[in-house]
Amino acid sequence: MDWDDTTTVGKPETAAERKEQRDRAYLIVLAGSNVGEMYKIDEVLTLGRGGASDVRLVDDGISRVHCRIRETQGDLVVEDLQSRNGTFCNGRQVTQQVLEDGDKIQLGRTTILKFTYHDKFDESFQKRMFDSALRDSLTKAYNKRYFLDRLVSELRFALRHRTPLSLLILDLDHFKQVNDTHGHLAGDHVLTVFAQTVADTIRNEDVFARYGGEEFAIILPETGLEGACSFGEKLRTAVEGISFDGEEPLTISVGVASFGMNITATSQLVDAADAELYRAKSLGRNRTCSPGSS
């Protein structure tokens with residue numbers, strides 16, 4: 001075999017060439033409240049406990065905007081943003097650090113993230129693994145187990161930092177009639193369209209889960225009762241706008257509760273939201289109810 005002497009072997013010579021040839025960059029949560037989540041890194045990705053961060057991490061010791069990963073001269077760099085407890089890379093506290101494939105980033109007490117490069121096949125595999133463990137296969141909402149674990153984390157966080165937290169429990173009105181009249185395939189289609197509508201409406205930091213059957217739940221971090229009620233109405237209106245080939249419009253009933261003086265445990269929060277959902281259904285459905293509402 002003849003070799004072409006003009007062929008060059010080795011690493012790309014410039015930052016632009018390195019960027020062009022490398023796989024996509026990701027953060028994978030190895031430990032913490034978002035375990036299993038995978039975040040694609042473009043030019044800038046901010047991490048912190050506040051809703052303004054691109055990746056919201058529920059962990060004691062993480063600042064509202066803790067650190068960021070940004071591109072500089074073709075490399076990806078983790079940069080601490082004057083956080084209270086520091087940013088650690090491979091066990092060493094850093095102010096700014098160029099990231100290499102496999103580096104471990106630790107924030108707060110329990111959150112560990114892995115920086116890695118993936119091609120599209122690795123990305124697809126990781127996503128399937130994550131989805132099969134934590135998401136409902138039909139609606140792609142989180143499953144009940146993940147929801148309950150996350151609710152515990154969010155409530156503990158809210159209690160420690162004295163931030164508001166609300167919960168919505170919602171139910172598709174007259175869903176049994178859809179299955180009985182049109183069959184389970186039609187019912188599955190309705191659930192899928194509904195779930196996509198919710199996913200398009202919620203914020204990145206909100207947690208949307210299938211609680212059971214046609215009942216769903218949404219955790220709203222850093223949101224008080226008034227804001228949660230407004231969101232519930234926004235969501236109810238969005239769902240009411242869905243039409244299915246001339247059929248009656250889809251509607252939902254929504255129960256809202258927020259943690260406070262009389263609610264300091266996850267079971268109490270769930271029970272309070274569930275009671276408001278029952279009240280919304282008993283008052284005629286297609287409405288949002290909360291403590292103190294009529």
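Helices α3 and α7 pack at an angle of about 105 degrees, and their axes lie 10 Å apart. This makes α3 roughly perpendicular to α7, because angles of 65 to 115 degrees count as roughly perpendicular, those under 35 as roughly parallel, those over 145 as roughly antiparallel and the rest as oblique. Axes are lines fitted to C-alpha atoms, for helices over the stretch in contact, and angles between N-to-C directions run from 0 to 180 degrees. Leu151, Val152 and Leu155 of α3 meet Thr266, Leu269 and Val270 of α7, where contact means heavy atoms within 4.5 Å. The residues of this contact comprise five nonpolar, one polar and no charged. Ala, Val, Leu, Ile, Met, Phe, Trp, Tyr, Cys and Pro count as nonpolar, Asp, Glu, Lys and Arg as charged, and the others, Gly among them, as polar.

The model is predicted: local features need pLDDT of at least 70, side-chain atom pairs count only at pLDDT 80 or more, and totals for chains, interfaces and linings use all residues. Residues are numbered from 1 along each chain as its sequence is written, and side-chain values use heavy atoms, with hydrogens and water left out.

The chain holds seven helices and 16 strands. These are DSSP runs numbered from the N terminus, helices being H or I with at least four residues and strands E with at least two. Of the 294 residues in the chain, 46% are buried. Buried means under 20% relative accessible area, exposed over 50% and partly exposed in between, with a 1.4 Å probe and protein chains only. Among contacts in the chain with a separation of 6 or more, 56% join residues 24 or more positions apart.

Helix α7 covers residues 266–282. At 1.5 Å a residue, its 17 residues should span 24 Å, and its end C-alpha atoms are 24 Å apart, which agrees. The expected span is 1.5 Å times one less than the number of residues. Leu269, Val270, Ala272, Ala273, Glu276, Leu277 and Ala280 are buried in α7. They cover an arc of only 165 degrees around the axis, so they sit on the same side of α7. The arc is that of the directions from the helix axis to the C-beta atoms. Asp271, Tyr278 and Ser282 are exposed on the other side of α7. The cover over the buried residues of α7 includes α3 (144–161) and the strands β12 (165–172), β13 (207–212), β14 (215–221), β15 (252–258) and β16 (288–289). Just after α7, Gly284 adopts a positive phi of about 120 degrees.

Helix α3 was examined likewise. Its 18 residues should span 26 Å at 1.5 Å a residue, and its end C-alpha atoms are 25 Å apart, which agrees. Buried in α3 are Tyr146, Phe147, Arg150, Leu151, Glu154, Leu155, Phe157 and Ala158. Down the axis of α3, these residues fall within an arc of 160 degrees, so they line one face of the helix. Arg145 and Arg156 are exposed on the other side of α3. His161 also belongs to α3. Leaving aside residues up to four places away in sequence, His161 touches Arg49 and Asp60. His161 and Asp60 are 101 residues apart along the chain, yet their C-alpha atoms are separated by 8.7 Å. Just after α3, Arg162 has a positive phi of about 55 degrees.
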